Structures are given as C-alpha cells and as structure tokens.
Amino acid sequence: MQTDHKRWMKPEDPVPREQGFRLFLSVSGRLRFPVFFGSDAVFCLSPVGFSFLSVSGCLRFPVCFRSDEVFCLPAVCSLFNEESRPAGICRFFICSYCFSAHMLWILFAGKGNNFTVMIIEDKKKIPLWTGEMELRENTAGFRPHKIRVLSRDGKPVKDESYVQSKVLIDLMRKANRIMIANGFSAKRDKELLSMLAGYQLKPVFADVCRFCLLEGRFDFVTKSSVICNNERICMDCAKKELLKALRNSRQNFGDSTVEFFEQVLERTKDLDRTIAMLNPEKLDPEVTRYDTVRSFREERKMPVRTLPIHNRLKDLLLKKAKFLLPVQALSVDAGLFEHRNLMVVSATATGKTLVGEMGGIENILSGRGKMLYLVPLVALANQKYEQFKERYSAIGLQTSIRIGAELIKTKTTQHMKKTLDSDIIVGTYEGIDHILRLGDADALGQIGTVVIDEVHMITDPERGPRLDGLIARLRYTAPEAQFIYLSATVASPEMFAQNLDAQLVVYENRPVPIDRHMLFVPEHDKLRIMTRLINDEWSKTSSKGHRGQTIIFTNSRANCHALAAALPIKAAAYHGGLYQHERKRIETAFEKGELPVVVTTAALAAGVDFPASQVIFESMAMGIDWLSVQDFLQMSGRAGRPDFHDRGVVVLLPVPGKTYSSVQKETEEEVAVSLLKGTLLKESFVYGDEEQYEEILASVGVTSSKKDLSAINQKMFADLDENVVLLRLQKYGFVRISGQTVAHTELGRIASAHFLSVTKTFMIRDSIVAKVPPIRIITNLEFFSAATFKIADQLSRELKMNLPARVFQGACIDIIYDGEHMKMINPKYRQLLLNFAADMLTCGCRDSPHCGCVERKFSEKVILLRTKGMDPTEIIAHLEETYGITAYKGDVFSYLEDAVRNLEAVELIAGTMKKPEVAKEARELRKKIAG
C-alpha cells in the first residue's frame, strides 16, 4: 500500500481560501477523486455524487478514499498498523464506516416556534454540534427548512453558519436513536412528529437536563437526579447553581466549606434543601441535617440471670434490666468476670461505665479487694461518689472519695467519706496519685479492681504525662488487680490495649441514633435560633416519658452566664468555676427534668452525665483555641440517652468567616466542616524534661529499686531515659542513688507530693534564701488570673471602645493611667478604678504596670481576705464593692487550695533548709487560709 503522508491534512491545517478542486490520493494509490473546497464547506466528488464532509471554516477532518467510498480517518487508520499511522489526525462523523462503529444520537427540544437540535456522539455530554431548526410545510409535508449552527464541540459559533437539510436528514436516518426532550413546549410539536413520521423515523421521549440544554450540553435526568424548583437537573448543573448561591450569600465561604455543601448536595440530591442551609429562618430538620449516626440493635442478648456473678450483684442488676447492653455482653465474653484486663472503647451512653462497676463489685464480693474508680474531674468524681454511695450501700458496700489533699474546709465537703478503708474509692487522677507520691501505697490496702475512666486523657498535652505515670505506678503497686480502661474516643485502640496489656473491646454503635445538623448563622441571629431549637426540643416527649433537654457548649465561662441569662427560657450556667453544691443543684434539676437547658464549657465533655437529648455548639472553640475532633466527639456524645430518649440531636451553629484570634487561619465554618468530617489523629507521646523529671520522681515514691523503676517506666506510653533523668535529679538534689537503689531526698519527696516541677521547687528554695515572705513566694508561683471587671460593659459603652473583661489583659489597666479616658467615666466607676490603682499600682518597677506586681498584689489581696475569715462568696462581694472586680467562687476556692498546698511546700522546704522562722510564717498563713 503506497501512501503520501504529506498529503494528509491535519486538524490545524486551514482550508485553502481559493475555491476549486484539489486531488487526494486514494488509499489504494490507484484512484484519484477530486475534492471541492467551497467558501464554508468541503465536498468530495465521488462516483455516487457529492458527499458532505465539513461545515467548519477550516479542514479539521482529513479524509481519504477507497474504491468508490469516502472514509474519515478512524476507518483509514484501521487499515494501517500503529507504526504507520499519521500523527495528529482525527475523525469526522460523516462516514458510513464510522457510523457502524460509533453511537450517534439526535435530540430535539422545543425552542419557541423552532427546535434545538443536538448531534450527540457516543453519549457524550458535549454535542458535536448544536443548532436551531425551523420547519416548513411543502407538498410532501413538514420538512427541515433552516438549520443554523449555534455551537460546535461546546464552543459558540460566532458567524452565522447553516447545515443543509439533506445533511440532517442523512444523520437522522443513520442515527441509533432520535429523542424528543420532555418538558420543552413548542408551538408546533405535532409538526415535528409529522416530519419524523414522513421519514419513517420513530422518536423516543427522554427526560433531559434543561439547564444543560440552555448551555449547549446534554445529559439525562432520572428520579435520582437533583431536585431544583420542582424539576430534575443533572449534578453538574446543580453544583454550578449551588456555587452561584454561595457567592450571592455575601458570606466568605472557604474551599472546604464549598466542598462540604457539594457533599450535602450529593447526599440529599436536593438543591433547594442544600441552599436552605444558608437561611437560618428555615429550620426544617430535613434541610439542615448533615448526617445520622445510626443506632444498631444487637440481636444477641445476654440475660443477667445467666451471669456467673454473686446474687447480690445479680439482684441489683435485675432491678435495672433483664439483659445486658451489647458492649456489656461483649465485655463479659472478653473475660470481664475472669479477671482479665479490658480496654473498652464505646460511644457515650452505650453502658460502658457499668462494665467497670460490674467487674469491680464482683471482685469485692469475691474477696479479691476494693475498687478504685478514677476520673479526670472533681465534678465527675462528686457525681460518681453520690451515685455509687446510693446504689451500692443497698448491698452493704461503703464508698469514699479522694479528690486531692482537700485542704480547704467547707460545709459541703465535710459530710463526704474520705477514708481509704472503704470498699469503693472514687477519686480524681491527682487524688489517688497524691497517695502514691507520698509513699503511702500500702494505705490503699488490697486492690482488686482499678477502673480508669476517660483513659484517652492520656493524650492531653498537659495532664497526659501524669495520667500515664499514674497508671504505670498503679500497675506496679497492684499487680494482681484487674484493670478496666474506659473511653469513648481513641484514635488507636489497638495500640492502647497493647500498651496497657489489656483485651480490647470495641463497640462502635450507639443505642440511639444521633441526627447531626449544620446551620450557618450570623452572630446576631444565634440567640433567636437557639431559643427556637431549645423550645422545639422542650416541647417533645420521648416514648420513655422524658421531655427534650438541651446542652449548649460555648467557649468561655462568661458566655455561659451571658447566654443563660439572655435565653427566654429557664437556663443555668455550668462550669468549673462554680461551687460544688451549685453544680450539684444544677445536675439534680436537670436530671429531674426541671431544667430545659444548661450552658457549659468543656467541663461536661469529660463525662458528667446530663441526660440531654440535644447538644448545640454555639461556638467551635474553647477559649481561643479550636475544638479538637476528640473534644467534639466527646461533647456530641452527650446527646441522647437510651433510658431517656428515642434519638439525639447535635446542632452546629458556625458563623462564616469568624475567628477567635489573629493567628487562626481557619474560619469557624471551616472548622465546623472539618469536625463533622474529621477522624481522630494518631497519638504521639513525647515528654519534655520537666515532665520526665516529675514522673520519674513520682515513681521513686513507690519503689527504691532502679530495676523496678525501670519496669514502671517500661509500662508508660512515652519512652523515658531514666538513667539520664536520675543523674540529673541527683545533681539537683532530688534523689540519692546508691548502687541499684534510689530514694527521695527530703526536697524530692516534697516536690513529688506537692506536684511541683523542678523549676518551681528551685523558685521556692531561692526565694527562701532571699528572705522573701511566704505570701509573696506563693503568689509569685501562681497568680489569681481568673478575675474580671464586672463593670467592663459599662466602661466599654462610656469610652466607646471594646474593653476586655479580664483584669490583667492590659487594656483596662492602661486606661487608669490615661487621664483623658478617666474623665469620660461615670464617677461611680471611676472611683472603683482609682481604688484599684491605689492598692495595686504602687510599685516602682520600670515596666509598671506590666511588671507582674499588679497580679501579685491582687493575688495577695485574695489570700489576705481569706485570712480574715471570709469565704469565697464574701471575698468576691468585697472585690466587687471595692474594685468592681468579680470572679467565680469555684475559681477562688481552687486558688486558695493551691495556695495552701504551696504554703505547705514552702513550710517543709524551709524546714529542710533550717529556716524555722519562714516555716512558722508559712504554717500560720496556711492554717488561716485552710480555716
């Protein structure tokens, strides 16, 4: 076969401008056929007549001839091998060979008095060309008259270009399918059907995307296509319309948020519902719901009566239920009553707490020893103490509580049993660790069970190292005990279980479903939207007979009180700054169904059990830091309790574009999207020098053997280099090493028992040497930083500026030095600021008032008021009356407890340094504060 490749015309080759004939080689090389180049068309003169090849202004489709047929390039290339195939060439559809190998569809859609025509190849969305057809009637009936080309390959045709009727008729006869679009009215629909019948062509009616047709594209629509204004459109067009709506909303949505909306659209297949998420007025749950965390009914049931446990425990369990919950049954199968260590990972409200209780109570009744039940928060410890005391006193067991040194005497804590000889000891991590650090592990007696609730706290940057060390020390001091670890959110449960030498039990299903909703709400609309959500939930009653109650999570304690006060429904603020009896009162009212809503911070995330059916995230931050996925999952898990509710509801109310600090790159709505989509990050455990010093020093409190100390450290998640750390602690005077034994020095024992870092211990020692009074030593160690100006809002209005409420953030203090601003303030408030200045701003430091003296003097004032016999409530009243400054009672109480603990350390360290005067002064001050 002889060919001249130079004679092949490529797509980019222009049509010769002169009209006339050119000769092309045939495929065989024997025949030559003349080709005529017209002004806007190319024709081939063959034995069978003129065959239309192109209507473009340039010769995009090279042709060749074989015998007496005209072929476009795919047919020709099939006659060549790949090596000899000309490069850069393409095919044209007017080819009988190609039509036999490729799919051709023609679509008609009404367009006024005319019709849109699309020539579609191989089901592609971009037609080969799109035109507008006009029909006229002649003696043979209705026939195509004018066919104007509107676009070619999806690109509009600038100049007027027409297709001959014969070409369209030829295409219709060769087409695999002729379609008429449904839903497009034309005044002469019957004429179109008559025209097709005249050519003996049978069309089919098809549902196509109207938006695509308007833009010169083609796509079918089905029942699964996207709903838009009561019609179906394709997904591509729906996403374009969605993007328009997002741009027109005047909200600065980031890429991740746009992606989130697209995912909602793909899931709901409803453009109207998806766009409605932008409108807080439309609170249709079917519109705002992002997804549903489904519940799962376990078919297999484990009867309580068949459990191999003591009758006293069995009878107690039967009063609550006849069958165990799934996670409880899985734990029994995993060896709960065979004294195996378990790591139980299960969603909130699935019943995993009872797993720890069942194991512990069975071990007590079997004579294996008492149960330690450890939790991260004082509030949670108090709650568990009350629950266990009421529940297990019925079978003759005693419960006590240990939440630290408990150095401040109050009426509310005096009735609590705190001895270590009880059957059940509920404690905070620090409360039990304090006993071990003192070297009093034997005082705990025989331990049969250790339950570590919220064990994922081991990943917390601040408290994690201490929990890690505590678990390792307990595993060493109680090697025969059964350890049960509980958590709702762990990224690497297998790794956790392996490190803790425990059998893993994972139950990923919730007992009730949770609907998760997203509403993009302007800041000024939040209160109104939350009010409606709360009222709607409060008006519902579950099949268990409980009304819907709500928890609102916000980012600060001040916001807790502001929101609770602003809501037009009974609400309470709940956080760590409240007194224990205040928190208890709120917990009781909520549990009884007397309180519709609680507004809180992260205090509830760690497990305080409020039977809420709805959780609202008013903020995606805690303080100025964004929520982590783990925090979010913990908080979300508060929604829905199997004994109370049929389902749970979680609502996120992000403000588009909002941030909480200048360094944050993400905006609140982007964080909300990532929280809903997020997965837990893998944990890493790397401790700094101070953390390593503290944990090894604490472990020295339970063993004097370097070998055993190494064994304890081997049980921790982090790798500690105990040899290097011990040598440094010896150098600093905290331990003594003699051969294979190690022991605390007096300084080391004091530091360990009082949770002092090496740095703080040195600060105390150096201050004693410098003859610094004890009250100044402890206020230098720790300021009372939780004070706020009660008059901040009034000052902001009068000065026409936004002042921070925190006393020590600088802006308010700077105003006191500004005479012009002071003149603008109401005399009553001005006097309060002048009182503060007279008492606190009197140092001669060069950097005053930013030298730290203001914070120290204010902290001293709090302590001195306590030494006069005032309780935290009276202290706060005095600060408000004298300075216009307020604080939460719980924060004052905690600060005074820390002051007592630090004073005790000062007293003991002064004793080791032979400074009896300092020790005496610290002791007397400590006693006055303790009361």
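1. Glu 134 is partly exposed, with a relative accessible area of 22%. Its salt-bridge partner is Arg 136, and the closest N and O atoms lie 3.5 Å apart. Arg 136 is partly exposed too, at 46% relative accessibility. Keep in mind that this is a predicted model.

2. Glu 694 and Arg 437 form a salt bridge, with 3.0 Å between the closest N and O atoms. This pair links distant parts of the chain: Glu 694 sits in helix α23 (residues 689-699) and Arg 437 in helix α15 (residues 429-437), 257 residues apart. Both residues are buried.

3. Glu 860 meets Arg 776 in a salt bridge of 3.9 Å, N to O. Again distant parts of the chain are linked, from helix α33 (residues 853-867) to helix α28 (residues 774-781), with the two residues 84 apart. Glu 860 counts as buried because its relative accessibility is 13%, under the 20% limit. Arg 776 is partly exposed at 36%.

4. One network of salt bridges with shared partners joins Asp 433, Arg 437, Arg 466, Arg 473, Glu 694 and Glu 695. Across the whole structure, the search finds 37 salt bridges.

5. Helix α20 covers residues 580-591. Its 12 residues should span 16 Å at 1.5 Å a residue, and the end C-alpha atoms are 16 Å apart, so the two agree. Buried residues in α20 include Arg 583, Ile 586 and Phe 590. Gly 593 follows the helix with a positive phi, near 80°.

6. Overall, the protein has 36 helices and 35 strands. Of its 931 residues, 55% are buried. The accessible surface comes to about 42400 Å², and carbon and sulfur atoms hold 49% of that.

Notes. Residues are numbered from 1 along each chain as its sequence is written. This is a predicted model: local features need pLDDT of at least 70, side-chain atom pairs count only at pLDDT 80 or more; totals for chains, interfaces and linings use all residues. Side-chain values use heavy atoms; hydrogens and water are left out. Helices (H or I, at least four residues) and strands (E, at least two) are DSSP runs, numbered from the N terminus. Buried means under 20% relative accessible area, exposed over 50%, partly exposed in between (1.4 Å probe, protein chains only). Accessible areas come from the Shrake-Rupley method with a 1.4 Å probe; for residues, only the protein chains shown count as cover. The expected span of a helix is 1.5 Å times one less than its number of residues. A salt bridge is a side-chain nitrogen of Lys or Arg within 4 Å of a carboxyl oxygen of Asp or Glu.
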